[in-house]
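This report walks through selected features of one protein model. Please keep the sequence and the 3D view open while reading.

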Amino acid sequence: MFIVESEDTTKGVPVQADDLAHVFEGRCFFEAGDHLLAEAPLIELEQLRHAGWRVHRDAWWTRCAPADSRLPPSGWKVHVSPDIAHLTAEIERAIEVVSAHRIAFKVRSSAAVERRSRSKFASRTQVGKTVVAYPRSADELVALCAELDGALRHPGGPTIVGDLRIGSGPIHVRHGAFEPTWIARDGVIVPGVLDDDGVAPDDRTAAGAPPAALSRLLAETGRAAAPAISLPLERVTVLHRTAGGGVYAGLWRGVPAVVKEGRRDAGLDAGGTTAAERLRHEARVLTRLSGSGAGPELVELVETPDGTLLVMEQLPGTTLHRSFAARHPPAFADEHTIDAAGIDYRRWSARIRARVGDRLAAAHARGVAHGDVSPQNVLVDGDEAYLIDYESAALDGVQVAQGIVTPGFGSLEATPATDLAAADALETLFVNPLLPALSVHRPWSEGTRTDMYEAGLADLAPGFRSRAGRELVPQEELETALRLGIHRVATPEAPGRMFPGGVRSFRHPAAPLSVAHGAAGVISALRARGDIAEPAWIDALEEHARRAPAIPGAGEGLHGVLRVLAEAGRVDAARELADRLPAAPTFEDASWSTGDAGRAACLFSLYRVGRDAWVLDRAIAHVDAVVAAPPRPQTGLARGLAGIALALAACAGTIADTGAGDPGPLTAVARRLLAEEPRRSTTPPCC
């Protein structure tokens, strides 16, 4: 990494770049990626299969292990990060060394997966992990690193976030889980690592202290783990991070500046151009624009062993996205001020649109087309507007970046004409914030566009409050359309997901089945509206749950699934699932989503229909844990006191209905927690 966070670092809110790892061209929904298996393997490994190795290929990895290999649950991994120019040759050399040591390993499944793993919107902690080896002891680790150090002939690709890099080469090491393990933390499921003290979160941003034998090897060979790079940058604020690098604000040599980071051989765009190459092009663009006012002034272009840093003037203001959201009258004005606010807002937006046009005219006069005139790339300071982020720009018609644009604004081809069209889209955004985003979806009728534009204008005209609250679509018609849509997109036979959903449905193995992110939530919501789920959906949920890891939780995990199965009449399947899940309370996590309160509510649902004494005992144990340990003062359903109170109230209801005890004390606790939530909250609502 270039910019190392110190104790005085003030972080901004980073974008979840890896949310786009499951976005595929030509597909309407987030996908698991199973179709990637149709791609040719990155490396042919049939010779290992013939030699008796176990070779298994899925969409993302090809895993190989000697037939008699048994891995410990955790240990020191060796990651090989080859440079793009010598990718295949270095992978082959690495696999030759690893297989000669009879050490289990995995390699990216295909060339397409390797490109995605290095793309701008990949997970930052996955970039560069092309080959992963699993030595079973410190001796194997040291021997493998020593031989790889001699066999691999090129400097290597991107530095792997959170790893110790062996010198400047492609070899990295990190302590972590060998076998997939999951743990609940703060209401969400995260990767875990099993050690002598139990299961702990697997922190993929920290390598751990290297074994003494590895430290001796480094000293003996005259090589050391690559040190952090010292830069003349202070008071750093992280503005944005992706797999290709980051954007930071701070003092560069004592002067306010913005620094863009482009990691070597990372941040690939649709054409395979790296983030570093795009930054060098942007530097040439800013040099051409110097003195024109069309963009920030270039301060410095710095080349480091890890890539490129572009240092530029820090312009005033906030993004147009935030500015218009704060000024849009229906969002903040009351019935007494909204009419005047609408008039002022239209005048302000016209001034901003004009200033954007002036900046573009200055750029076009210098032979530059911006290529991505979007709300995030316009800074607003009062009535002034500035253009930033010329990463996708064309200089004298030459464009380096491919596909790094904002849907609804940017264009694959950067020209003055497409810039002006994007500026017009900004004006559309001012009128109706939904229009630019919806315009990227097809089919799209011009009549619908016109209707929505006129509706936006009406919102800004006098009399908005008198029209607010009108039913745009009859509720019954809307519910019918939603039900029909759910039935049409259901794919119970698909291994990755049964229903389309958010990207969080791929965060862990139980997520596609869960109430919070997956199939159980869809089925439960339909049931709550009086609909009966298709038998094929319940069959698929039961079968997928039977094969899924025993990840607990009412929202994130399989406790919620067993509740839905029990309510659908699949009591035996729900019992089987309950028996596989952890029986002991956590005594640490009381939340509805992953903790004791939610687990208790789901087990009580099973007890309601099955009346098994062991299920009741487990449910009561979880309830006792919630009552014994005061919950953390958070708000919301998933992790907050409201969710805990709701779960306890459901438990009390079952106790009353089944005669399993006195529901009064539990009801009192639920009421107290619900009353305390706003007063005790120390964190923003989670949902």
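Which residue forms a salt bridge with Arg 280? The partner is Glu 303, and the closest N and O atoms of the two are 2.9 Å apart. Arg 280 belongs to helix H6 (residues 275-289) and Glu 303 to strand S15 (residues 298-304), so the pair ties together parts that are 23 residues apart in sequence. Arg 280 is partly exposed, with a relative accessible area of 30%, and Glu 303 is partly exposed as well, with a relative accessible area of 44%. The model is a predicted one.

## Salt bridges

The structure holds 39 salt bridges. Three of them are set out in the table.

| Asp 202 | Arg 174 | 3.0 Å |

The salt bridge between Asp 202 and Arg 174 has its closest N and O atoms 3.0 Å apart. Asp 202 sits in the loop between strand S11 (198-201) and helix H5 (212-220), while Arg 174 is in strand S8 (residues 171-177), so this pair ties together parts that are 28 residues apart in sequence. Asp 202 counts as buried, at 8% relative accessibility. Arg 174 counts as buried too, at 0% relative accessibility.

Glu 542 counts as buried at 17% relative accessibility, whereas Arg 570 is partly exposed with a relative accessible area of 22%. Both residues belong to one network, in which salt bridges that share partners join Asp 539, Glu 542, Glu 543, Arg 546, Arg 547, Arg 570 and Glu 576.

## Helix H17 and what follows

Is H17 largely enclosed or largely open? Nine of the 10 residues of H17 are buried, so the helix is largely enclosed by the rest of the structure. The buried residues in H17 are Leu 558, His 559, Gly 560, Val 561, Leu 562, Arg 563, Val 564, Leu 565 and Ala 566. Their cover includes helix H15 (519-528), H16, H18 and H19. After H17 comes Gly 569, which has a positive phi near 90 degrees.

The phi of Phe 587 is near 60 degrees, a positive value in a residue other than glycine. Thr 594 is found in the loop between H18 and helix H19 (596-610). At 0% relative accessibility, Thr 594 counts as buried.

Which residues does Thr 594 touch, not counting those up to four places away in sequence? The contacts of Thr 594 are Ala 184, Gly 187, Val 188, Ile 189, Gly 553, Glu 556, Asp 589 and Arg 599.

Strands of a sheet pair through backbone hydrogen bonds, in either a parallel or an antiparallel way. Opposite Thr 319 stands Leu 379 in S19.

Another open sheet of three strands has the order S18-S21-S22, again with antiparallel pairing. Strand S18 (368-369) and strand S22 (398-399) are the edge strands, and each pairs on one side only. Two bridges join S18 and strand S21 (residues 394-395) in the antiparallel sense. The bridge partner of Ala 369 in S21 is Ala 394.

Where does Asp 396 lie? Asp 396 is in the loop between S21 and S22. Although Asp 396 is not a glycine, it has a positive phi of about 55 degrees. Asp 396 is exposed, with a relative accessible area of 52%.

Conventions:
Residues are numbered from 1 along each chain as its sequence is written. This is a predicted model: local features need pLDDT of at least 70, side-chain atom pairs count only at pLDDT 80 or more; totals for chains, interfaces and linings use all residues. Side-chain values use heavy atoms; hydrogens and water are left out. A salt bridge is a side-chain nitrogen of Lys or Arg within 4 Å of a carboxyl oxygen of Asp or Glu. Helices (H or I, at least four residues) and strands (E, at least two) are DSSP runs, numbered from the N terminus. Buried means under 20% relative accessible area, exposed over 50%, partly exposed in between (1.4 Å probe, protein chains only). Contact means heavy atoms within 4.5 Å. Two strands pair if DSSP finds at least two bridges between them.
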